[in-house]
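Trainee: I would like to go through the labels attached to this model and ask what each one rests on.
Mentor: Go ahead.

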Amino acid sequence: MAFTDCDSTAFTSYVPFEDIKESIEGNITDEQANKLKVIKAHYEALIFCQNELDSLISELGFEFDQEIKLIQKIPECSNKLTALRIISEIGVDMNKFPSAGNLCSWAGLVPRNDESAGKKHSTKITKAGRYLKPLLVQIANAVITSKKYPEHRNKYLQLKRRRGHKKAIIAIARRLLVATYHILRDSICYNADLYNIPELKQSKKTMFVKEAIRFAQNQGFTVNI
């Protein structure tokens, strides 16, 4: 189950047994009353387990308190458990990812580059990010329904007209992850321009001569050797 901002009271409040009893018209049998008591006891046990797990998770994430507070500034991530889930997947050290693009690729939020002889066979996203990707998609769905974040909502509506809902929502999830990358790498607060930061190309990349020629030709250049 994904934790979002609306989940904070979902398991911590319940209707007292007496209120349930009064809401039932007519009389209930002893058998029905006993069943209700069992259901109530089971529900309270679930509440207890939920609270214990929440406390345990919070204790495990205590050393990342600063990073958690930064992530909580991201749209629809104010719930502490949501921030903890993101950190549990990607960590707090962004040096292991050369760029935000690498992180998005690892999370399965980048279309596959399935191209041969200039023909693209598929633009589907990869199957990576089994746990992180659904969480980011859920957050993205909450973001686009809120008018507090026009930079994401407008982009979603623009992409949806051309690419459809699924690809548009993945794009928003990717933008949020890019912002997360820069927040954790540079220890800065969220702002609407983080996903527009240009990335420096790796200077150590190499390319064979034939590949360079083919690349230039694909860009429309005439190559003279």
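Trainee: Why is Glu31 called exposed?
Mentor: Glu31 has a relative accessible area of 52%. The label exposed is used over 50%, so Glu31 is exposed. Keep in mind that this is a predicted model.

Trainee: What makes the contact between Glu31 and Lys35 a salt bridge?
Mentor: The N to O distance between the two side chains is 3.6 Å. The cut-off is within 4 Å, for a side-chain nitrogen of Lys or Arg and a carboxyl oxygen of Asp or Glu. Glu31 and Lys35 therefore meet the definition and form a salt bridge.

Trainee: Why are Glu31 and Lys35 separated by about one helical turn?
Mentor: Because Glu31 and Lys35 are four residues apart in helix α2. The structure holds four salt bridges, and Asp65 with Lys69 is another pair, with the closest N and O atoms 3.3 Å apart. Asp65 and Lys69 both lie in helix α3, again four residues apart and about one turn of the helix.

Trainee: What makes Asp65 and Lys69 partly exposed?
Mentor: Asp65 has 28% relative accessibility, and Lys69 has 48%.

Trainee: What makes Ser187 stand out in its backbone?
Mentor: Phi of Ser187 is near 55°, a positive value in a residue other than glycine. Most residues other than glycine have a negative phi. Ser187 lies in the loop between α8 and α9 (209–218).

Trainee: Which phi value does Glu76 have, and where is Glu76 found?
Mentor: Phi of Glu76 is near 60°, which is positive, and Glu76 is not a glycine. Glu76 is found in the loop between α3 (65–71) and α4 (80–90).

Trainee: Why is Glu76 called buried?
Mentor: Its relative accessibility is 18%. Buried means under 20%, so Glu76 counts as buried. Asn79, found in the loop between α3 and α4, is at 13% and therefore counts as buried too.

Trainee: How do you know that the side chain of Asn79 makes a polar contact with the backbone of Leu81?
Mentor: A polar atom of the Asn79 side chain lies 2.8 Å from the backbone nitrogen of Leu81. The limit for a polar contact is within 3.5 Å.

Trainee: How much of the chain is buried?
Mentor: Buried residues make up 32% of the 225 residues. The chain has nine helices and two strands, and from the N terminus on the elements run α-α-α-α-α-β-β-α-α-α-α.

Trainee: What makes up the nonpolar patch on the surface?
Mentor: Leu53, Leu56, Ile57 and Leu60 form it, with about 370 Å² of accessible area together. Leu60 lies in helix α2 (residues 30–60). A patch residue needs over 30% relative accessible area; Leu60 is at 58%, so Leu60 passes that cut-off and also counts as exposed.

Trainee: Which residues form the positive surface patch?
Mentor: Arg161, Arg162, Arg163 and Lys167. The largest share, three residues, comes from helix α7 (residues 150–163). Lys167 lies in helix α8 (residues 165–186).

Trainee: Why is Lys167 called partly exposed?
Mentor: Lys167 is at 39% relative accessibility and therefore counts as partly exposed. Exposed would need over 50%.

Trainee: What makes Trp106 partly exposed?
Mentor: Trp106 has 39% relative accessibility, so the label is partly exposed. Trp106 lies in helix α5 (residues 100–106).

Terms used. Residues numbered from 1 in each chain as written. Predicted model: local features only at pLDDT ≥ 70, side-chain atom pairs only at ≥ 80, totals over all residues. Heavy atoms only, no water. Patch = residues over 30% accessible without salt bridge, like charges linked within 9 Å, V, L, I, M, F, W, Y side chains within 5 Å. Areas by Shrake-Rupley, 256 points an atom, 1.4 Å probe, with all protein chains shown as cover. Buried < 20%, exposed > 50% of the residue type's maximum accessible area, 1.4 Å probe, protein only. Lys, Arg positive; Asp, Glu negative; His and termini not counted. Charge placed at Lys NZ, Arg CZ, Asp CG, Glu CD. Polar contact = N/O pair within 3.5 Å; in protein donor to acceptor, adjacent residues only side chain to side chain.
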